[in-house]
Amino acid sequence: MKFSMIFEAQLVDPTPARERQVIHDCVEQAVLAEEMGFDRIWAVEHHSLTQYAHMSASEIFLTWVAARTKTIRIGHGVVTMPFGYQHPVRVAERAAMLDVLSGGRVDVGAGRGATKQEMRMFGVQPDDTYPQMEEALRIFASAWREPEFEWHGSLDIGPGAVLPRPVQDPHPPLFMACSKHDTLKLAAELGIGALVMGFAGADDVRAMRTVYDEAIAVRDGSRLVSTEVNDHFSALCPTIVLDDAARALRLGTRGQRFFAESIAHWYGNAPAPTGYAEDEDHTAALARERDELVARLHEANIPARPVDTGTYNTDHAYGDADTAVAYVERLRRIGVDEVMCLIQMGTVPQEVCLETIRQWGEKVIPHFRALEAAA
């Protein structure tokens, strides 16, 4: 089982100075993650989602991290693939260049960038997001495999070469962000790894693992995007770990409340999130807000989905190291290939993020490495 971290670059009450600080804070966390034995870091790509994600140019962030590290893998989790955001050949070129500079450490995930805010910033049409994401995956998988390629679909490309060639042969591993069962099935049919939301808890992760495995079992190979198949299942694990377990729970649930309210704001037109006092009962507040969101969706005749409501469940790795070990053990038994830690949430202080990374590196990850060694 692998261990990773994901970065959104969230912050409360953004100012240019705070924004600059949080991005440098994320770099510091990523460098420490390598020292503490994490296998990979992921960085999102979002645009114009104030407070929720200030990570708009993740390829530059990841390059900076790659230059500061030696072994940790560098993951795009994810690149927004619809053509209005960026041409697929540019994605292929940038990823290959980073693969060369990092010594073959790059992973590439695909996403739709499907908030109304992001789409209107780039002129992307909602109906184009799924087909263009899939076509982009096929384009740059082909471009990396062939010394010279051409493509004639909704885009006409080439003939020509994509340079430089990536270090990983034939190309970096491919992934997809999966928040629904339909996208899990699609990832399986395309033969690419699944990056799943884990906010709804271990039982929901188990259900998603089952959907993914069942789709893998029945695929006939006709929709595979590459000769290289990647059946890797990575699940989000929100976590804050401190010696003071009660404070870790308070800070973790406060961070998750900020995250949940940010999602509700940008995906569901709810009010913008705010910071809250550390000693509030954020678990109870999240439960109330979940009920309010479900009622609002019901009134609008919109089905409540895990991505809408799962962020309000607080049964995660918030507490001391033993709490985290117990939660990760549940994920291990489910068959999760990678535990993707979400630590950097908008209200979590930098010193708490760093201490959480240390606790995972000194106590949580070694526990599971020992299990693997014994097996």
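This is a predicted model: local features need pLDDT of at least 70, side-chain atom pairs count only at pLDDT 80 or more; totals for chains, interfaces and linings use all residues.

Author: What does the side chain of Arg330 meet in a salt bridge? The partner is Asp315, and the N to O distance is 3.2 Å. The two residues come from distant parts of the chain, 15 residues apart: Arg330 belongs to helix H11, which covers residues 321-334, whereas Asp315 is in the loop between helix H10 (306-309) and strand E10 (317-319). Asp315 counts as partly exposed too, because its relative accessibility is 38%.

Arg333 pairs with Glu329, and their closest N and O atoms are 2.7 Å apart. Why are Arg333 and Glu329 separated by about one helical turn? They stand 4 residues apart in helix H11, and this spacing accounts for the separation of about one turn. The surroundings of the two partners may be set side by side. Arg333 is exposed, with a relative accessible area of 66%, whereas Glu329 has a relative accessible area of 15% and is therefore buried. The reasoning for Glu329 uses the cut-off for burial, which is under 20% relative accessible area. Elsewhere, salt bridges with shared partners connect Arg40, Arg73, Asp107 and Glu338 in one network.

Helix H11 also has a helical neighbour. In general, two packed helices are described by the angle between their axes and the distance between those axes. Helix H11 packs with helix H12, which covers residues 350-374, at an angle of about 40 degrees and with 10 Å between the axes. H11 and H12 are therefore oblique to each other. The crossing in which H11 passes H12 is right-handed.

Side chains of opposite charge can pair when their charged atoms come close. How many salt bridges does a search of the whole structure find? The search finds 19 salt bridges. Arg223 is partly exposed because its relative accessibility is 30%, and Glu189, with a relative accessible area of 30%, is partly exposed.

A pair of aromatic rings is described by the distance of the centres and the angle of the planes. The search of the whole structure finds 10 aromatic pairs. In one of them, Tyr212 and Phe233 are tilted, with 5.8 Å from centre to centre and 40 degrees between the planes. This pair links distant parts of the chain, 21 residues apart: Tyr212 is in helix H7 (residues 202-218) and Phe233 is in strand E9 (residues 233-241). Tyr212 and Phe233 are both buried. One aromatic cluster is formed by Phe3, Phe38, Trp360 and Phe368. A charged side chain also meets a ring: Arg112 lies over the face of Tyr130, 4.1 Å from the ring centre.

The peptide bond from Gly77 to Val78 is cis, with omega near 20 degrees, and Val78 lies in strand E3 (residues 73-80). Another cis peptide bond joins Gly158 and Pro159, where omega is about 10 degrees; Pro159 lies in strand E6 (residues 156-160). Ala9, a residue other than glycine, has a positive phi near 60 degrees. Ala9 sits in the loop between strand E1 (2-7) and helix H1 (16-35), and it counts as buried at 0% relative accessibility. Gln51 has a positive phi as well, near 75 degrees, and is likewise a residue other than glycine. Its place is the loop between strand E2 (40-43) and helix H2 (58-68), and Gln51 is buried, with a relative accessible area of 9%.

Definitions and conventions. Residues are numbered from 1 along each chain as its sequence is written. Side-chain values use heavy atoms; hydrogens and water are left out. Rings of Phe, Tyr and Trp (its six-membered ring) pair if their centres lie within 6.5 Å; planes under 30 degrees apart count as stacked, over 60 as edge-to-face and the rest as tilted. Buried means under 20% relative accessible area, exposed over 50%, partly exposed in between (1.4 Å probe, protein chains only). A charge sits over a ring if NZ of Lys or CZ of Arg is within 6 Å of the ring centre and within 35 degrees of the ring normal. A salt bridge is a side-chain nitrogen of Lys or Arg within 4 Å of a carboxyl oxygen of Asp or Glu. Axes are lines fitted to C-alpha atoms, for helices over the stretch in contact, and angles run from 0 to 180 degrees between N-to-C directions. Angles under 35 degrees count as roughly parallel, over 145 as roughly antiparallel, 65 to 115 as roughly perpendicular and the rest as oblique. A crossing is left-handed if the near helix is turned anticlockwise from the far one by less than a right angle, and right-handed if clockwise.
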